[in-house]
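Visitor: Please present the structure, and then let us discuss it by question and answer.

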Amino acid sequence: MSRDNDPSAPDSNRRRLLQGAAALPMLGIGGLSFGQPTASVNTTKLAVTDTEVTVGQLHSSTGTMAISETGSIQAEQLAIDEINAMGGILGRKIKVIKEDGASDWPTFAEKSKKLLINDHCAAVFGCWTSASRKAVLPVFEKENGLLYYPTFYEGLEQSKNVFYTGQEATQQILYSLEWAKNEKKAKTFFLIGSDYIWPRTSMKIARKHIENFQKGKVVGEEYYPLGSTNFGSLMNKIKLQKPDCIYAAVVGGSNVAFYKALKAAGITGDKQLLVTLAVTEDEMTGVGGENFAGFYSSMKYFQSLDNPNNKKFVAAFKAKYGKDAVIGDVTQAGYLGPWLWKAAVERAKSFDVDKVVAASPGIELKMAPEGYVKLDANHHLWSKSRIAMGNADGTFKIVSESPELIKPDPFPKGYQ
């Protein structure tokens, strides 16, 4: 047997060959990475060179949504750094252009045009609110751009140009309502949300499920503008109605005032069931564990998840951003975006958007911090759903988990 075929032989020759191949771009020999010239992996004039591919990040680093979006910015950058450390994608390192949507939807649309038309980004990782996503969607579809969107959302959307790495409504809302009914015997619900498309559509779906499928009753429904801090009158309405469950979709900075108002009114987790769709570890840094203790959050990911993938992810995140850094649901979903894009590009052997989209269905991420996930043909992820209780120290204790991955269904019958 030759040494080349001997699995026990030293692999020094192989290492030397790999090192030599890795050095080719540094020597100025372009287009040889993975044997694919740039002209063959980029036929649509994207920002791809022999050694580099440019992507965009489009999140709110300022304004009321910064409390929620900062984690996504950090996680996407972590994934990109890790991918670059492995040699990049098709032998090309990823360059990032960061833009601030500033919690303003027209600004998101303007910045998306810059990233696609001026910067020719091969992919964009971004948005948080559904309002920002809806603002940029026409731009991505017109310019044939590629957006990886990390937030749990209301569903009722599917675009060739968007991959949704968070939960859609049937995975998050229906699971949590069934849990509230079956485990907490909730029959009456008070619905509360911020006043824009995601909370309103989510609560429309929640109401239909409560009334039509659970035969329960909605005893109140209130919405407040983004950034609102005055919830005094709402506390009185809740006390008057005495719902079995407060079902909340208040987002961003308003969460701080909302949960402080609940505690000040004596509406606490030891007396009142509350399930939220919008408080992750990211928001807890502002809300304060003492104001959320005993309440429940419905997400697919919590930092406290006990699996090898998550332990590695949390350690890497804290090593990069500090030991006190926290990781929420959307942060983790943001981390998945660059890895899904990498897998699709490598399967397609091209950065061209149409080819990447065609190669994406069926992609699996076995290294996802939340656990194994896979990408459906409808551009959403098969994921598990989870419920966790907030602790006074700002952490979460997982109390319920779906036994299997839940197939994404962005257009559920009976909820339109």
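Visitor: In which loop does E154 lie?

Guide: This is a predicted model, in which local features need pLDDT of at least 70, side-chain atom pairs count only at pLDDT 80 or more, and totals for chains, interfaces and linings use all residues. Residues are numbered from 1 along each chain as its sequence is written, and side-chain values use heavy atoms, with hydrogens and water left out. Helices (H or I, at least four residues) and strands (E, at least two) are DSSP runs, numbered from the N terminus. On that numbering, E154 lies in the loop between β4 (147–149) and β5 (162–164).

Visitor: Is E154 buried or exposed?

Guide: Buried means under 20% relative accessible area, exposed over 50%, and partly exposed in between (1.4 Å probe, protein chains only). Contact means heavy atoms within 4.5 Å. Leaving out residues up to four places away in sequence, E154 touches S130, R133, K134, A169, I197, W198, T201, S202 and I205. Its relative accessible area is 3%, so E154 is buried.

Visitor: What distance separates the C-alpha atoms of E154 and Q167?

Guide: Along the chain, E154 and Q167 are 13 residues apart. The separation of their C-alpha atoms is 8.5 Å.

Visitor: At what angle do the axes of α3 and α13 cross?

Guide: Axes are lines fitted to C-alpha atoms, for helices over the stretch in contact, and angles run from 0 to 180 degrees between N-to-C directions. The axes of helix α3 (residues 66–85) and helix α13 (residues 329–348) come within 7 Å. Their crossing angle is roughly 35°.

Visitor: How many residues of the contact of α3 with α13 are nonpolar?

Guide: Among the residues making the contact are A75, L78 and I83 of α3 and Y335, P338 and W339 of α13. Ala, Val, Leu, Ile, Met, Phe, Trp, Tyr, Cys and Pro count as nonpolar, Asp, Glu, Lys and Arg as charged, and the others, Gly among them, as polar. Four residues of the contact are polar, three are charged, and the nonpolar ones number nine.

Visitor: Is I398 buried, partly exposed or exposed?

Guide: I398 belongs to strand β15 (residues 396–401). Beyond its neighbours within four places in sequence, I398 is in contact with F302, S304, L305, R386, I387 and A388. Because its relative accessibility is 29%, I398 counts as partly exposed.

Visitor: What is the phi of K45?

Guide: Most residues other than glycine have a negative phi. K45 is in the loop between α2 (38–41) and β1 (52–59), and it is exposed, with a relative accessible area of 70%. Although K45 is not a glycine, its phi is positive, at about 65°.

Visitor: Over which residues is the pLDDT below 50?

Guide: The pLDDT is the predictor's confidence in each residue, from 0 to 100. The protein chain averages 91, and 92% of the residues score at least 70. The stretch with pLDDT below 50 covers residues 1–33.
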